[in-house]
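Student: Could you help me learn to read a protein structure? I would like to go feature by feature.

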Amino acid sequence: MSDDWDTVTKIGSKVTGASQRETVVRGKGALNAAQRTGAIIGTEKKFATGNTVNKAGSEGQRLTKVDRSDDIVAPQKVPAEIGQNIRNRRSKEGPYKMTQAQLAQKVNAQANDIKLLESGDAIKNQGLLNRVARVLKISPKTGLPLDDK
């Protein structure tokens, strides 16, 4: 019984006899060397389907960058030229002349959302851009007027 009280348990990576830490092997040569030493080897396959689904856009690549980054990555904002084109279309005389509040009511949004969209400070919201583009008959990608047909 007294033997249980006399034993010492050492915890930490510097302890002799402790198991080795997990390491990442890069390259075929290092993998072969690890196999020769008899180390336990585990493999893990990483799939990058987020990058291949939509090759036209780069949203998957941006999300991968966000996942791998330790820093804070700012969200994408609406380009200022799109906001300028929306403001120009809305302020000119004609069927599209309306205030920010009127446009917000037509697209079922807050007036502050339209203000931020026009100033270029809005976080990219494709749904809102599409609704504004439909009401003003502009391109949601560029903000330029579409041909009236």
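**Reading the helices**

Tutor: Read along the sequence, this protein follows the pattern α-α-α-α-α-α-α-α. Helices (H or I, at least four residues) and strands (E, at least two) are DSSP runs, numbered from the N terminus. This is a predicted model, where local features need pLDDT of at least 70, side-chain atom pairs count only at pLDDT 80 or more, and totals for chains, interfaces and linings use all residues. Residues are numbered from 1 along each chain as its sequence is written, and side-chain values use heavy atoms, with hydrogens and water left out.

Student: What is the mean pLDDT of the protein?

Tutor: pLDDT is the predictor's confidence in each residue, from 0 to 100. Here the mean is 77, and 68% of the residues reach 70 or more. Where pLDDT is low, the predicted coordinates should not be read in detail.

Student: Which residues of helix α8 are buried?

Tutor: Buried means under 20% relative accessible area, exposed over 50%, and partly exposed in between (1.4 Å probe, protein chains only). An α-helix has 3.6 residues a turn, so residues three or four places apart point the same way. In α8 (residues 126–136), the buried ones are L128, L129, V132, A133 and L136. They cover an arc of only 135 degrees around the axis, which puts them on the same side of α8; the arc is that of the directions from the helix axis to the C-beta atoms. Their cover includes α5, α6 and α7.

Student: What comes just after α8?

Tutor: There you find K137, with a positive phi of about 55 degrees.

Student: How many salt bridges are there?

Tutor: A salt bridge is a side-chain nitrogen of Lys or Arg within 4 Å of a carboxyl oxygen of Asp or Glu. By this rule there is one salt bridge. It joins E118 and R90, whose closest N and O atoms are 2.6 Å apart. E118 lies in helix α7 (residues 111–119) and R90 in helix α5 (residues 80–91), so the pair ties together parts that are 28 residues apart in sequence.

Student: Is R90 buried or exposed?

Tutor: R90 is buried, at 10% relative accessibility. E118 is buried too, with a relative accessible area of 2%.

Student: Which residues does R90 touch?

Tutor: Contact means heavy atoms within 4.5 Å. Not counting residues up to four places away in sequence, R90 touches Y96, K97, M98, T99, Q100, L103 and E118.
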